[in-house]
Amino acid sequence: MKTTGTETTGANTEVIVREVMQAMTKHEQAEKVNRYRILNQFAKRGEILFTGSSLMEQFPIQELLIDLGLDTVVYNRGIGGFTSDDMLMHMEEQVFGVEPSVIFINIGTNDLADGSHPFEAQMAKLLVNYEKILRQIKERIPKARVYLMAYYPVNETDKVPEWGAELFVNRNNRNLPVANQAVQKLAEKMGYEYIDVNEGLTDERGMLRAEYTIEGIHMYANGYRVVLNNMRKKIGLFEAVPKSV
């Protein structure tokens, strides 16, 4: 079957657009790394750190704590689109530059999102990198309390854009529980804590509630409010004395 000139042009255009978008994403990530490098100079040492990919970057922790009347200090060093490979290259900016005493990590869903390789292969690579990340933390900040966060469920049907179906080839509600079990075992191996804060995020189908998600993966603040409430129930780190009026 011959390919028409129009089809070829369309395919070429799609490739060009994809490459341009990837280049823009890489540039934006590099800018965030640079901003964090400078911002870390002003960070108060020994506080709480949120780090990882976009699932952590988009966690509006300060706004939610203010809403609760709490003055807990939390630094967010998540970077959208980051894989475990990326985080390993930028541990200084994403972790060590803050010198935290408590670290929450959510990294790896972008590794799993690569549908060009089987889930099992992606998971195996992720675990190798994740362990390297944790070993660096154990070496550099041995007294830090580290929490490996469970990956959130996704919604594969309700709000998925036309271009987004490929995101769920590996990153879906069949594979994510398997990934969470592996992360839990890794936490136990490294002497850290795995924390599942997903209670209340899913509907009767076991999918991320439509009202919580932007496009099936990332969440609005109302979804993160559920996560924060679960974190407070489980570990009590966000029970600081409210500011006096």
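Colleague: What makes the charged end of Arg140 count as sitting over the ring of Phe96?

Modeller: The charged end of Arg140 is 4.1 Å from the ring centre of Phe96. The definition asks that NZ of Lys or CZ of Arg be within 6 Å of the ring centre and within 35 degrees of the ring normal. Lys138 is likewise placed over the face of Tyr192, at 4.2 Å from the ring centre. This is a predicted model, in which local features need pLDDT of at least 70 and side-chain atom pairs count only at pLDDT 80 or more, whereas totals for chains, interfaces and linings use all residues. Residues are numbered from 1 along each chain as its sequence is written, and side-chain values use heavy atoms, with hydrogens and water left out.

Colleague: How do you know that the span of helix H7 agrees with its number of residues?

Modeller: Helix H7 covers residues 119-140, and its 22 residues should span 32 Å at 1.5 Å a residue; the end C-alpha atoms are 31 Å apart, which agrees. The expected span is 1.5 Å times one less than the number of residues. Helices here are DSSP runs (H or I, at least four residues), and strands are runs of E with at least two, both numbered from the N terminus.

Colleague: Why is Gln136 called partly exposed?

Modeller: Gln136 has 31% relative accessibility and therefore counts as partly exposed; buried means under 20% relative accessible area, exposed over 50%, and partly exposed in between, with a 1.4 Å probe and protein chains only. Gln136 lies in helix H7, where the buried residues include Phe119, Leu126 and Ile137.

Colleague: Which residues does Gln136 touch, not counting those up to four places away in sequence?

Modeller: Gln136 touches Leu88, Met91 and Phe96, a contact being heavy atoms within 4.5 Å. Gln136 and Met91 are 45 residues apart in sequence, with 8.5 Å from C-alpha to C-alpha.

Colleague: What makes Phe50 and Phe104 an edge-to-face pair?

Modeller: The rule gives seven aromatic pairs. Among them, Phe50 and Phe104 lie 5.3 Å centre to centre with 75° between the planes, hence edge-to-face. Rings of Phe, Tyr and Trp (its six-membered ring) pair if their centres lie within 6.5 Å; planes under 30 degrees apart are stacked, over 60 edge-to-face, and the rest tilted. Phe50 belongs to strand S1 and Phe104 to strand S3, 54 residues apart.

Colleague: Why is Phe50 called buried?

Modeller: Phe50 has 0% relative accessibility and so counts as buried. Phe104, also at 0%, counts as buried too.
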